[in-house]
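Here is a short note to read beside the model. Please keep the structure open and find each residue as it comes up.

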Amino acid sequence: MAPGVRGDLRDSALPSLNSPSVEGDAIKVYVRVRPPSEGTVLTDGDPGLCLSVLSSNTIRLHSKPEPKIFTFDYVANMETTQESVFSSVAKSVVESCMNGYNGTIFAYGQTGSGKTFTMMGPSDSDNFTHSLRGVIPRSFEYLFFLIEREKEKAGSGKSFLCKCSFIEIYNEQIFDLLDSASAGLFLREHIKKGVFVDGAVEQVLSSAAEAYQVLTMGWRNRRVASTSMNRESSRSHAVFTITVESMEKNNEIVNIRSSLLNLVDLAGSERQKDTHTEGLRLKEAGNINRSLSCLGQVITALVDVGNGKQRHICYRDSKLTFLLRDSLGGNAKTCIIANVHPGSRCFGETLSTLNFAQRAKLIKNKAVVNEDTQGNVS
Amino acid sequence: MAAAAGGGWAAVREKFRAARTLSAVESRKDPETEPYRSKYSARALLQEVKQLLSAAEEGGEARLLAVRRAVLEYELGVNHTDTEELSAGEEHLQRCTQLLEPHRLSPDCVSLYIQAQNNLGILWSERDEIKTAQTYLESAEALYNQYMKEDGNPPLDPSEHFMAEEEKLTDQERSKRFEKAYTHTLYYLAQVYQHLEMIEKAAQYCHTTLKRQLEYCGYYPVEWALNAATLSQYYLSKQCFMESRHCLAAASVIFSQAEQAPSAEDNETEQDQQDLRQRRAEIARCWIKYCLNLLQSARKLLEDNIGELDPDRQSELKAQRKKEEDEKEKGRKKAVLFGTSDICDSVLAMEEKVSSVYPLDFQEAREIFLVGQNYVQEAKEFFQVDGYVTDHIEIVQDHSALFKVLAFFEEDYERRCKMHKRRIDMLEPIYADLNPQYYLLISRQLQFELADTYYEMMDLKVAIGNRLEELDSHTIKKINSLAQLAIKYYELFLDSLRNPDKVFPEVLEEDVLRPAMVAKFHIARLYGKLITSDSKKQLENMQTSLEYYTFLVDYCKKYPDAVRAVETELELSKEMVGLLPTRMERLRAKLCPFI
C-alpha cells in the first residue's frame, strides 16, 4: 500500500491517531478505583479507605509503616464516569484497530472490584442504551461509527467485514459462548493467521446493536460461582474478539488489512491459579489424587531461572496467555484496566493488583501494520 | 451407660465417616454455582461430632479424647482453608497441634501432627508468609526423620481414630499413607525453597519427591515422565549432563510403560491419544536440548579465541578424559538414581544410547548429533507446522543449531559449508511463509539466523578461496552472492525494528540493542568483503561500509550505555572509521589520477 494512503487516513480528522506511535509501545496501564458500595464506609470504620488518588496518574496506598505510591498511565478516581474511562482507555485502541493494528483491552482485579461494571456496565439492564454502559458497548459504537465514516469517505472503493467470536476459558478448557452445545475447543496456530480457537463460531456483524446482541447472549452462558466469601464471582475468563477486515480497491491493486480487537474480562484475580500473578502461594497436592499435580509447575519455575541456556519446558503456558500471547509482549496495542476496591478490608488484594499492574507496565509491545498487497501493477 | 456410650460412639463414627466422604468424594460433584456445598455440609457434621465428643468427655480417657479432638480440629482446619476462610482454619489447626504436642512422637499421633503442619505451611503461604510456612514444614520433616529413627513402625492413619476395631488398616496401608504425607511435606518444601530462591535445594527436593513417587507407586506415569524430563532441563542449565541424562532416560522408560499399559478406561478418546503423542514429542524435545547443550558446551571447551577448534586443547582434554575413565563409576551418586531394580535396568539401558561426556572430535560429536536429529524427527511428527507454528519453528531452529555446532567439529571447509547450507534450506522456506504480524519475535530470530548463516558461509568460501592461487570467477560470484544474501537478511531484521512510519528508532530497546548493532557491524564488514573489479563500485561499497561503521561509533558516543554490549565491535569500527577514508582517498586518486 502506498504510504500516502495511510497518511491520508491518519491526518483526516483523527489527530489522536498520531499519538500511539509517538508514545511507544509499552502496554498502557490504567487503574480505576470504584466507589465503595453504600454503607461500606460506615462498617469499615473511619478512615475506611486504604488508598487515595493523588493525581490523574498517581495513587497512594496507605500501607504500614510506609505508604506506597504507584504511578500509572492514568488513574481514575471514584467519580470518573464510564464515558471518560472509555475515552481515555479504549478509544485509541479502537482507532488503531481501524488502522490495521491488533488491540487488546483487559480488565483485571479482584472479584467485586468492578471489572464487569467497567467492561459491561450495570447488570440487569439494557446496557446498550444505559448511560452507565461500559467499555465494551461503547467500543462497539465507536468501531461502527468509524467504519461508517470511513465508508462514506471512500465511497464504493472500500468495504469492511466484521466478525466476532466469544469464548470462555474455565479450568483450562475452552468453551464457545456463542454455541453452548459445543464441547471443549482447542487452540491452534496458523502460520499466517496466528493463534486461533479451532472450531469457534464466528458471527458476522453489521452494526453495533448486532454486536451487542451477540455479547449479551454469550454473557448469559458464563460460569459464575458463589461462596460464603463472595456472593458472585466469575470463575472464568471471557474473551470477546472482533475481526475487522477492510478491503480497498485502488486501480488494480487490492489492499487487505485485518486486525483483531480482543476485549477480555478476567476471572477474579484472587482465584487465579494458573497465571503468574499469584505470588508466593504453595500449590497443594490433591487429597485424593495420587499425583502431586503441580510438581511440574515447580520444576518449570526452577528451569525458568536457568541463565539463558537452551532448554525446553514441557508445560505450556496457560490457555489464556497462549491465546493472548500477541497482546502480552507480542505485537499489538494493549491496555490493562486494573480495578481496585478502596475498602481497607481489600488491602491485600489491592496491593497485589497494583503490583501486577506495575509489572505489566514493564511489558513492551511492538505493533506492526498488517498489510497485504495483491494484484499486479501491470 | 457403657452401652449408651458405645452406641453413641457408633453414631459419632458414622457422622465422621459421612463428613469425610462429603468433603473428599461428594465435593467433587458439587455444581459450579455452589462449589463448596458439600464442604459446608461436611463442616456442619464435624461440628456435630465435636458436640457429641464434648458430651462424652466426662469419664473418658483424657489422652484418647485429646487425640480424637485433635483429629476433628484438623479436619475442621482443612475444611475452613479449603473454603477460603483462612483465619478460622488456622485456629483449628493450631488447636490440633497444641493438643498433640505432648504425644507427637507416638505412633498414633505422628502422622496427624505432620499433616497438620503441612496444612499450616500451606495456610501461611497463602498469606504470602513463606518464612513462616518454611518453619512448619521443616519441623514436619524433622519430626518424620526423628520418628523413623526412634520408632519406625507404621503409625496410625488419622482417620483410624474414628474407626471401629475391625476396620483398622493393615500395616502396609498405614505405612503407605504415612509415607505419602511425608512426600507431601517434601513437595511443599520444594516449593518453599523455590519461592525463597534456594534453587539448588528446591531442585533436590523435587528430585526426591519424584523418587519417592516412583518408590511408593504414587504417580501417573505420563505426568511423572514429563516432570522428570523437565527436571532434566534444570540439570542442563547447571551443566550436569549425567543427572540430566538420567532424568531423561527415566522419563522415556516410564513414559513407554504408560504407552504400553492398556488404559484404565477402554473408551480412550482420540483426544487422549493426541495428548499422549504430544507428551512423547515434548520428551523428545527435551532430548534434543540435551544433545544440543552437550555439543555446545564441548564446543566452548574446545574453541580458541577466534572460535575455531583448538587442537592443543583437544589432545589435552583427551588425555584428561583417559585418566578420568580409570576412576569411572566412582562418581556416580547413588542418591540420584530412580527406581527399583527392573526400572533401573531399563533406565541404564536407555542411558547407554547416548554419551554424557563432552565429545572431543568430529566422530563423537556426530554420534550425539545423530541422536539429537532422530529426536528432531520424532518431535516434528507431532508438532507440525499446521497447528503448532511456534513449536514447529522452535524445533527447526534447534535442528539448525545442531548442524551449526556439528560444523564446528568438521575440519573440511567444503563439507562444513554444506552443513550450513542445510540450515538455510530448513529455515528459509519457513521464514518466507511466516506472518510477522503474529510472529514478530520468531520472524526476527529467523532473519538474524539466516543472515548469520550466510555470513558464516561467505567467510568459509573466502577461506577456501584464499587457499587457491587465484580466485576463480565462480568463487567470486559465490562469495558475492552469499554476502548479498547476508546483507539482505540483516537489513530485513533492521527494518523490522522500524516504527510504522518506517523510521528507525532513535534509541534501541535493551533486548534488540546487541543484535541490531551486530547486524550493522556485519553489514559494514560485508560491504568491505564484496569483490568487484569496478573501482567506482568498490568506492561505493567502501562508502556504505563506512556509513555503517560510523553508525556504531556515533550511537555509542551518544548513548555510552550501549558500549558494554558491543565492546569488540565498537573497537574495530573505530579503527575502520579511521582507516577507510584514507583508503578511499587513495582509490579515488587512482581513479582520477589527474586531479
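**Notes on chain B**

1. B:Gln239 sits in the loop between helix H9 (221–237) and helix H10 (241–260) of chain B. The model is a predicted one. B:Gln239 is not a glycine, yet its phi is positive, about 60°. Most residues other than glycine have a negative phi.

2. B:Glu197 is another residue to check. Its phi is near 60°, a positive value, and B:Glu197 is not glycine either. B:Glu197 is found in the loop between H7 and helix H8 (199–215) of chain B. Is B:Glu197 buried or exposed? Its relative accessibility is 65%, so B:Glu197 counts as exposed.

3. Next, a pair of helices. Two packed helices are described by the angle between their axes and the distance between the axes. For H5(B) and helix H7 (residues 171–195) of chain B, the axes come within 10 Å and cross at roughly 25°. Angles under 35 degrees count as roughly parallel, and H5(B) and H7(B) are therefore roughly parallel to each other. Their crossing is left-handed.

4. Which residues of H5(B) and H7(B) meet? From H5(B) come B:Val110, B:Ser111, B:Ile114, B:Gln115, B:Asn118 and B:Ile122. From H7(B) come B:Phe178, B:Ala181, B:His184, B:Thr185 and B:Tyr188. Sorted by class, this contact has 6 nonpolar residues, 5 polar residues and no charged residues.

5. The second pair is helix H16 (residues 413–433) and helix H17 (residues 440–467), both of chain B, whose axes come within 10 Å and cross at roughly 155°. That angle makes H16(B) roughly antiparallel to H17(B), because angles over 145 degrees count as such. The residues of this contact divide into 13 nonpolar, 4 polar and 9 charged. The crossing of H16(B) and H17(B) is left-handed.

6. A salt bridge joins B:Arg423 and B:Glu449, with the closest N and O atoms 3.1 Å apart. B:Arg423 lies in helix H16 of chain B and B:Glu449 in helix H17 of chain B, so the pair ties together parts that are 26 residues apart in sequence. B:Arg423 is buried, as its relative accessible area is 1%, whereas B:Glu449 is partly exposed at 22%. In another place, salt bridges that share partners join B:Lys50, B:Glu73, B:Glu91 and B:Arg95 into one network.

7. B:Arg63 forms a salt bridge with B:Asp108, and here the closest N and O atoms are 3.0 Å apart. B:Arg63 belongs to helix H3 of chain B, while B:Asp108 is in the loop between H4 and helix H5 (110–126), so this pair too links distant parts of the chain, 45 residues apart. B:Arg63 counts as partly exposed at 30% relative accessibility. B:Asp108 has a relative accessible area of 19% and is buried, because buried means under 20%.

Key: Residues are numbered from 1 along each chain as its sequence is written. Chains are lettered from A and ligands numbered from 1 in the order in which they are written. This is a predicted model: local features need pLDDT of at least 70, side-chain atom pairs count only at pLDDT 80 or more; totals for chains, interfaces and linings use all residues. Side-chain values use heavy atoms; hydrogens and water are left out. Axes are lines fitted to C-alpha atoms, for helices over the stretch in contact, and angles run from 0 to 180 degrees between N-to-C directions. Helices (H or I, at least four residues) and strands (E, at least two) are DSSP runs, numbered from the N terminus. Angles under 35 degrees count as roughly parallel, over 145 as roughly antiparallel, 65 to 115 as roughly perpendicular and the rest as oblique. A crossing is left-handed if the near helix is turned anticlockwise from the far one by less than a right angle, and right-handed if clockwise. Ala, Val, Leu, Ile, Met, Phe, Trp, Tyr, Cys and Pro count as nonpolar, Asp, Glu, Lys and Arg as charged, and the others, Gly among them, as polar. A salt bridge is a side-chain nitrogen of Lys or Arg within 4 Å of a carboxyl oxygen of Asp or Glu. Buried means under 20% relative accessible area, exposed over 50%, partly exposed in between (1.4 Å probe, protein chains only). Contact means heavy atoms within 4.5 Å.
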